[in-house]
Each structure stands twice: as structure tokens, then as C-alpha cells.
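Please look through the structure shown below before reading on. The report that follows takes up its sheets, its helices and a few features of its loops.

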Amino acid sequence: MKITFCCTGTQAGPWLQGLAAALPQADISLWQPGAPQADHAVVWKPPQQFIDEQPRLRTLFNLGAGVDALLRLRLPPAALVVRLDDAGMAVQMAEYVCHAVIGHLREFDAYAGQMRAGRWDDLRPPRRRADLPVGVMGLGVLGQRVAGALAQFEFPVNGWSRSRKTAMDGVRTFSGADGFDAFLAASRVLVNLLPLTPDTVDIMNRTTLSRLQPGAYVINVARGAHLVDEDLLALIDSGHIAGATLDVFRSEPLPADHAFWRHPRITVTPHISARTLRQESIAQIAHKITTLEQGGAVAGVVDPARGY
């Protein structure tokens, strides 16, 4: 069994060593142009040349939850695309989103500004969780973990997904196009965890964001292409949206002259809401390869037609 590794922007050595330790029976190598054919590949944003030179791949393991970059390539028609189910990302995402929502509720940014100004002012009126219903778009593995964590903090939580999900404790669920407007109207905080597909590009635009309750707050931890930047800025300046926490952007790194950097009501982080954890990812990939080699089925297989 031969496994090849082709992950743009990733230090290959520790991954190759970890995979070799987890799969001692396999021949594992870093891909180079002209390399021999492999059975399985571990990839992150590989070039089209890699795909073209590996037509006999049986499986492509995507080193992350989002597969949009991989699905833009011309893939071998018989190859399975398998994403990471969690590998330590869900708890990180829940931490990040809860931090952003609680920070907005408790107005910690305002208190930080007072601290920098050397002012002691504790007269800001308390805000109620009941007045801050949170809407989570996307109820996959990460979205369900985030929604459940927010419910534990006693926020009213709404969840929306393309297809109907089973009932979740503490979460009011909506689904499909018919439920989308009602989901937005029920939410004052919007958390985006959707996969990026042709149907979800620009889904957070002036029209949809205007349907949120007045004084809304936006948190984007999925993909930058979900959000129309100019529409968000206009709605913040109009007062309909109170602010935003953004971890993903159309161009990364975020250009130095982008308005998000300078806006006082926008918090920017450099795509760190949920990092891929090497040991957990290697263990999951090794288990799935072993299962496939034994003729079994694995979770996380992507439907290219749906994009996730």
C-alpha cells in the first residue's frame, strides 16, 4: 500500500513521521512531480498537476473539514474524497464562537477600551441572554458542537441546515429554503459554519443580513466567500448590525488596506478558530485507511454534487 502526502503550506516532516508510525506497513512519501502511483493521498490544496499525475488514487484524505478548494480540481472519477470529521477542531470552534458571543453579550471590548483610557466605569446596563438569540448556520459536526455549547450557556439557540436534522437539546432547528427567512428573523447573532458550495457563496449579503433582528452581530468562521464584505460594512454603519467577529476572508492574509482592519466594531483573527491538530488527524486518517483496506466503510465521505 502506497500513500502520498501533498499539502501546500504544511511542514511535511512531522506528518510523514506520524503517518509512518501509525501505518508501519505502508510506503509513505512526500509527493514530487513524476512520483509513482499511490493508493491513498493526504492532501491540502494540492495543485492540479498532482491530481493529473495520480489517476489511480482510491482515496483523497483532505486535511481539514472544508473541501471547497479540493472540489474545484478535476479529480479522478473513482476516487473517494474524505474529510476530517473533527480531529480536535470542534471543541476549538466551540471555544472561539462562545468567546465571541459572550464577549459581545458582556461588552468586553467596551471595558477593554475603558481600561486603555484609564477609566473606571461600571455603569453599563446588564444585558440578558434571552435578548440575544444565536443562529448557527450549518449543523454538521462543528455546527452541532457549537450550538450545543451555546445552549449550555443558556443562550436561545437556533440552527439552520440545508436538510432536516434530528432534534437537538436546547436548539430550535430550521431547514431548507422554506425555513431560512424564519431562522434569520429569529436570530440576533449569526454564526456561519456552512460548507462553501455554489449555493452558499455570498449567502451573507445585504438582503439576508437585513433579515436579522436589529442590532445583530455576525461571526464568520467558515469561508470568506460566504460574506459580501461591502454589505456587512454598510449594515454596520447603518446601525442594523452592531459588529462582527471574522476569522476567514476572501483573500488570506487579509490585505493590509482592507477596511475590516480599521473598523472599530469588527474583530479580525487570522483563520485560527479551529486549527488542524496533527496527532488527532493522523490517528483518524490511519484508522480510516486501515478500515478501507479491510473493505469497510468510513465516515466523512464527501458527495461532490453537494460539496460536502
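In β10, the residue that forms the bridge partner of V189 is Y217. The two strands concerned, β9 (residues 189-192) and β10 (residues 216-220), pair in the parallel sense over 4 bridges, where pairing requires that DSSP finds at least two bridges between two strands. Helices (H or I, at least four residues) and strands (E, at least two) are DSSP runs, numbered from the N terminus.

This is a predicted model, in which local features need pLDDT of at least 70 and side-chain atom pairs count only at pLDDT 80 or more, while totals for chains, interfaces and linings use all residues. Residues are numbered from 1 along each chain as its sequence is written, and side-chain values use heavy atoms, with hydrogens and water left out.

Strands β9 and β10 belong to an open sheet of 7 strands, which has the order β8-β7-β6-β9-β10-β11-β12 and parallel pairing. At its edges stand β8 (171-175) and β12 (266-268), each of which pairs on one side only. From one strand to the next, the twist averages 15°; for such angles, axes are lines fitted to C-alpha atoms, for helices over the stretch in contact, and the angles run from 0 to 180 degrees between N-to-C directions. Helix α4 lies across β6 (134-137), β9, β10 and β11, running at about 160° to β10. Helix α9 (residues 229-238) packs on the sheet as well, touching β10, β11 and β12, where contact means heavy atoms within 4.5 Å.

A second open sheet is formed by 5 strands in the order β2-β1-β3-β4-β5, and its pairing is parallel. Because β2 (27-30) and β5 (80-83) stand at the edges with a single partner strand each, one side of each is left without a neighbour in the sheet. Neighbouring strands here are turned by 20° against each other on average, direction ignored. Strand β4 (residues 59-62) pairs with β5 over 4 bridges in the parallel sense, and T59 stands opposite L80 in β5. Helix α1 packs on this sheet, touching β1 (2-7), β2 and β3 (40-44), whereas α11 touches β1, β3, β4 and β5.

| Helix | Strand | Angle between directions |
|---|---|---|
| α1 | β2 | about 175° |
| α11 | β4 | about 165° |
| α9 | β11 | about 140° |

How do the helices meet one another? The axes of α1 (residues 12-22) and α11 (residues 278-293) come within 10 Å and cross at roughly 45°. That makes α1 oblique to α11, since angles under 35 degrees count as roughly parallel, over 145 as roughly antiparallel, 65 to 115 as roughly perpendicular and the rest as oblique. Among the residues making this contact are W15 and L19 of α1 and I282 and I285 of α11.

Helices α4 and α6 (residues 141-152) pack at an angle of about 45°, with their axes 8 Å apart, and are therefore oblique to each other. Their contact includes V97 and V101 of α4 and R145 and L150 of α6.

Two loops deserve a careful look. A87, in the loop between β5 and α4 (89-106), has a positive phi of about 55° although it is not a glycine. In the loop between β11 (241-246) and α10 (259-262) lies P253, and a cis peptide bond, with omega about 0°, joins E252 and P253.
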